[in-house]
Amino acid sequence: MGDGGRQPHPALHHRLSSAALPAGRHLVQRRRPASSVYKCGHRHGGRRGLRHFAGRAQGARSAVYAARLRTRDGVQEHSAFVYVEDASAVVVGGPASPLALQVSDVNKDYVFLAWQPPSADGGSPVEGYYVERRDLRRGEWVRCNERIRGACQCPMFGLQEGTVYQFRVCAVNRAGAGRPSKATEPVLAADPLRHTRTTGQIRAPFPPTNVLACEVSDTYVVLSWTEPEPRGREPLTFYVERSQAGKSSWELANLDTEVNSPRFPVFDLAKGKQYRFRVRSVNKYGVSDPSEPSAPVSLGKPQAAPAPPHSVVAVRDTHTSVLLQWQEPKEKDDILGYYLYYSESGHQDWKTVNNKPINKSRFTVHGLKNRKEYVFRLKSVSRAGNSNYSDESQPVLVKSAISVPSAPSAIALLLCTGAEMVLGWRAPACNGGDPVRGYYLDQMEKGASSWREVNVKPAKERLFEVCNLTSGHLYQFRVFAANMAGVGEPSEASEAFLCEKWTMPEPGCPYDVQFREVGNGSLVLLWAPPMYEGRSPVTGYFLEISQGDQSDNWTALNEGPICDTHYKVSGLQTGQTYRLRVLAVNEAGVGRASLPTEPVTAESRPGAKNIEIGVDNDGFIFLGYEADETDDESKFLWNKNYTEPIDAKRAQAETKKDGSVLTFTDPSEEDLGLYTVELSDSPNHSSSYDFTAEDLGRLKELSWQVRNPLIDLKSGWQVEVSDQGDVRLWLQTESLSDAAELRLIFNDREITGTPHRKINFDKDKGLLEILFDQLCRQDEGSYTAQLKDGRAKNQFTLVFVDQTFRQTLALADKKRRDHQRKSGPYFQEYLAWTISEDCELIIKCKVTNTNKDTSLKWLKDGAAVSRFVYDQSSGVSTLTIPQVTEKDAGSFRCEVSDGRGEDVSTLELLGDEYDKLLQQLGERSALSASPLKVQSTAVGLMLYCSLKYYMSFLKTSWLFKEKRIDQETRTKPGSNTEKVWIEICNPTENDKGKYILKMFDGKETRERHLDLSGQAFADALLEHQRLKQEAIAEKNRARVTKGLPDVVAIMEGKSLCLTCFVDGEPAPEVTWLRNDKEIAKHTQFDITKEPRCSTITINNVTMADSGKYSISVRNQFGAETVDVTVSVYKHGEEPPACAVEMGFYA
């Protein structure tokens, strides 16, 4: 070869829907020596579908992708359909994104949008669309329509000239708005004719021409016209006028809108009416004449959704694809294509096949699961929306359609005798969907030009002896595989084999090398012994491995020879590709290597299953294997140690749906070993299990339990007493069948239900109950429930005697009485006492089940109590005793009654209970104690502590400088119900220091402290001295002690004598006054003064002597004045009622 033996790389081209696929920003092509990868980078949309792309791709990119390989021998092409699914909906049940959004008819202020409806509606029909636009300078998306638009097209008006826009569309259904479509490429709003028009030297513009409706729908009309020619140099706008057909009046159609381009959408037309339109040109010099009117225009008919396709037929194609065909509807002019949907049969879990409408009536659906059954349905797609779903296709099983097998490969010479050659070969990679029924061989001597048939009858095995050969000649062979579909292509011709008798001492090559149980990092290799052993028998085998699919760098796997014809290869790198080969060895040495295996990747097949061991419902030990990709023709091949057939007397294999079970008759140690299983038409579906002695022991125990089952117990015997006093004995087992049987034994005697003792047996819940309406002594004993359900049985015993029985009987009696009590009003809370924070005793109870006739009364020691409170709405009644004394001890009773019955509650506040009350009262009193305070008095200093309620039960003691203060002449402790104190008489400097009051409530001692020293003592002492002086002054001051009434009455002519007693030290000075004036000595008045007494006599009283008389006493410590009113009345008159009558005749 002219290039040094190197062959040129073949030319590889990637294509999309028959067009070359260039690499770019989103698509990257990577080539390796023997492969090529095309990657689709980040694009708009979700990720799913045919699994050839990484990243996210736009739904519109769903298409057929192909790789075309051009070599010297010709062109080979492989293709696949790639489906790109939308991202998940933004709202649950929301529709997918609209597709293929296009912009057309771009003008200065107008564009026209059209798109395709989404393939997935989210479960409810698409009701319409929102259109959004974005000014690239601002960056934010703005919704263009407040109301959703029904059709998949619409005009966009009011754009700004010179602005670059992008547009996108969201579909809306009952759940809400879905994800937006892919945004359009940036669009510049500009005049498309600016480079071609002529301007001319004109000022006032000419009218436009050719006014017509370029787009008509059921909701709008888009008008177009031709600009005047020439148009002038000045900027031109337009007035659009309209008139109903048949009328002569015209009105402006664009009242609030400036029209800058020769396009204008009109939305406010009335349905069923015809209109004519005309247009005027406008520039700064004026307005042109109107154009010629358009032809009559009216709104179009609403676009109806298309009819769905029909006659949907699914046909088997490959092991992962199905060919789908359908009949198009009769009216198909507006149909853009079809959306396809599939679901596993019986699941109703529909998935979308394509996001780009298929415009043909057949399509191959890829990416399906082999051996699964599917149904299909379609929708027609148009601008008016999607049709309803078509009828479902008949179910189809995904499986390759039957075709001829592919070519066998790897022809090897296994033995040569000089006249015969034994050949072996590798099975076809694809059997065409039907098992290979036989093989045909051709032979050709080297140098000949034609092949000669070797066998007419097909060879059943991949091994054949070719006879009648000539020794010393070279022969080539080729092999054909045949199945029900016919004979396939021939294999590649073998190398030229020399027909010469083998005499070498080493063995020939092993053959039929196969893989089993390929998993992550491991596989099992099987092979057949060489047909030529050499001069001595084969003693073992060596295995060699090569990493990669073409490398000839072989490495030994085992140091010593392997005796078996199978071997588990471990320690491989997961995901790495390998080839293996086997060499036989005898006493003479190592023989020829087998042909290398096909490349194999050391990774588990998705969904691969392992053999599981267990015990069936009949107690038989079994090995089970599940396989996903099976059909009626699949066979499961069970072996022991890969090659030994299963003894039918010891185990039976049975094929079930999606699997096979090998059931042992009576397993023993003879059945231990390695068991293998594989699918006849798919050997790569294989597994093995090592049945060990440990498994045998464990499963035999489980087998015995299955054949001799026990009814499982959920809850053993329980004893319950209801609020009414009824007794329930019960137990619960697992759920039982309707055929379950019960025998109930009481004290060795079978019993049944009676009115006194009811027996309930709920088989479905496994619940057994024995109900006693009134338990009695005759019910004491043992209860045994004997249960049987098919083969399963069990019995459960309750020993209901002695203390357990007695306690239950007592509780039932108590609850029965309590239930009877509660038939009328009763105490929900019995009498109980508490001490409040204010040291009050509160006795409280609560009654319930009362009515308007219910009465409640309190008693203490048999006497009625009236000061209680009863709230009938809440049922709470309280008796509050503000200050507890010994007379409050006693027996309290509360009675509630009406016509239905009565209830009583008692409380004994005597003995220990009363002591407990006093202790808590003392505790509460001590807790209420205020801090120690000092109060100055005339006698001395008083230290005191205020309490909510003090009682003698609270023991108090006073300490001064940590020493107890005993009662002395100068210290006098005291107390009342609100205060505890100690009085220090005539305090001196020696009384300064820390004072402590200790209070003992019977359990705890609490203290209050006061540091009476420093300024606090000085201030208190000063105040005491002040009060003491005030007391002395008050004691010695002049005062009137007794003698004068407030008012006296005297008859005219009599004499009045008023005497007063006075006190004070020194003796006070006495002065009498009349009407606040001192009475001088006079013959009418006689005044006497003694040390402690003074008298005034008024002789021969006249009416003029009436008035106010006063006595005033005074000494150095104070003064006092006492008044008396003298009322003189005439003889025969009545004295005043309020006066004291006095007087005598002189």
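Q: Why is E989 called partly exposed?
A: In this predicted model, E989 has a relative accessibility of 49%. The class applies between 20% and 50%, so E989 counts as partly exposed.

Q: What makes the contact of E989 with K992 a salt bridge?
A: The closest N and O atoms of E989 and K992 are 3.0 Å apart. The criterion asks for a Lys or Arg side-chain nitrogen within 4 Å of an Asp or Glu carboxyl oxygen; the pair is therefore called a salt bridge.

Q: How is K992 classified, buried or exposed or in between?
A: K992 has 29% relative accessibility. Buried requires under 20% and exposed over 50%, so K992 is partly exposed.

Q: Why is R1006 called buried?
A: The relative accessible area of R1006 is 13%. Because buried means under 20%, R1006 belongs to that class. Its salt-bridge partner E1004, at 43%, counts as partly exposed.

Q: How do you know that E1004 and R1006 form a salt bridge?
A: Their closest N and O atoms are 3.5 Å apart. The limit is 4 Å, so the pair qualifies.

Q: What makes K332 and E328 a salt bridge, and how are the two residues classified?
A: The closest N and O atoms of K332 and E328 are 3.0 Å apart, which is within 4 Å, so the term applies. K332, at 41%, is partly exposed, and E328, at 25%, is also partly exposed.

Q: Which residues are linked in a network of salt bridges?
A: D818, R821, K822 and D903 are linked in this way. The structure holds 51 salt bridges.

Conventions:
Residues numbered from 1 in each chain as written. Predicted model: local features only at pLDDT ≥ 70, side-chain atom pairs only at ≥ 80, totals over all residues. Heavy atoms only, no water. Buried < 20%, exposed > 50% of the residue type's maximum accessible area, 1.4 Å probe, protein only.
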